[in-house]
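Here is a short walk through one structure. Keep the 3D view open as you read.

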Amino acid sequence: MTKDIVPELLEKIQNEFKNKTEKSKVLKQKILALKAGKATHLDSNEFAVEVGNILAEVFKNEITEDILPDGKIYYNIAKRLIEPNMKNNFDIVSDYSRDVQEVLNKESSISLKAIKPEINQDRINGIVNKICEYDDFNQGKWLLDEPIINFSQSIVDDTIKRNVDFQHKAGLKPKIIRKEVGNCCSWCKEVVGVYEYPDVPEDVYKRHRFCRCTVDYLPGNGKKQDVWSKKWIDVDKDDKIIVRKELNKIPNSTLNRHTLKKLADKNWTPGFKAKAFKFYRETSKDGVEFTDHGVSRALDRAINKKGYTTQDIIKIAKSKPIFIQTEDGRVVHSDGIIHLLRNPNTGDIVSVSDRKKPRKDWVKIDEENGSNNKNAKVKHK
């Protein structure tokens, strides 16, 4: 009869997890911040990431191919090892984030009790079921790494969502703010911004693998606590000040009011919006016009991701077009790494790509035989 490895292995996982969490400097700091009444949901997020990291590390250390029957993790093993530990993570993170919400409610003079979210059992089931599909555990063990951290972060997001919904039903006007962390992907940048409940897109609470963007809570009076000074600041006012400063730097003669309005209406953080206006101002001054979408893509794919400067992008935009996009007639200016797509009718740069190879529908402009001369005529400012 085959020995049941789960009871002994489960105990080892739980003991190692307990030891590592007790020794964690990050968790100690966050608990002290909570006890001092200074914790925010940014602390909740860092707390969750640390707890998730610890469990992922313990899984890596203790669940190995050599102890599994046939080198595979079967459902009856995965269910009894993974689920209870993920539920334990939920209890730890949800308790902390609920207590942080209590602190925030008190500081905002909101006499409502903070509440915990419901556990997302579907996510747990998904990891358990998915990892059992692999005949070789080593091929599926990635599911016990980043997805565990991501799950822990989502507990904070769910806590915020649950409490904001509760406060809205109580007649308050809470807001949600999503911030980018590091060089974010274009999807994350699209959902960055401040949202007044209930007009909050569902994607604001979602995160892909390795996403470390933060979701934060703003009390019902529309103010947010600065992480460093612990003072409450008016986010809308702060946003408008930054936008106004950047607008004032743009000469009226070069303004495209439609583009500016689109940029101003974006749900971006004040910092990213300021960068967008600065980029637009500098390119417009040099005679290169971008649409709002083009600005966003240039910042994301060329400046943030590839380290290009605004002048680098202007230089590409003023170079001769190399390709024509057959689908819509857009012409493509390129240095081989960054590709700028220009609308030949308006002369605006409408998008930016960082593809290693040209798209299949990009046809190279043949200047010698003049086959594409008609389409190659573009408006250069």
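The model is a predicted one. Now widen the view to the strands. Strand β7 covers residues 331-334 and strand β8 covers residues 339-342. The two run antiparallel, and 4 bridges join them.

These strands belong to an open sheet of 5 strands. Read across, the order is β9-β8-β7-β6-β10, and the pairing is antiparallel. Strands of a sheet pair through backbone hydrogen bonds. At the edges lie β9 (349-353) and β10 (362-364), each of which pairs on one side only.

Helix α13, residues 310-317, touches β7 and β8. The direction of α13 makes about 55° with that of β8.

Next, turn to a pair of helices. Helix α3 spans residues 41-62, and helix α7 spans residues 146-169. How do their axes meet? The axes come within 7 Å and cross at roughly 155°. Angles over 145 degrees count as roughly antiparallel, so α3 and α7 are roughly antiparallel to each other. The crossing of α3 past α7 is right-handed.

Which residues make this contact? On the α3 side they are H41, S44, N45, A48, V49, G52, N53, L55, A56 and F59. On the α7 side they meet I148, I149, S152, Q153, V156 and I160. By type, the contact holds 9 nonpolar and 7 polar residues, with no charged ones.

Technical notes:
Residues are numbered from 1 along each chain as its sequence is written. This is a predicted model: local features need pLDDT of at least 70, side-chain atom pairs count only at pLDDT 80 or more; totals for chains, interfaces and linings use all residues. Side-chain values use heavy atoms; hydrogens and water are left out. Axes are lines fitted to C-alpha atoms, for helices over the stretch in contact, and angles run from 0 to 180 degrees between N-to-C directions. Angles under 35 degrees count as roughly parallel, over 145 as roughly antiparallel, 65 to 115 as roughly perpendicular and the rest as oblique. A crossing is left-handed if the near helix is turned anticlockwise from the far one by less than a right angle, and right-handed if clockwise. Contact means heavy atoms within 4.5 Å. Ala, Val, Leu, Ile, Met, Phe, Trp, Tyr, Cys and Pro count as nonpolar, Asp, Glu, Lys and Arg as charged, and the others, Gly among them, as polar. Two strands pair if DSSP finds at least two bridges between them.
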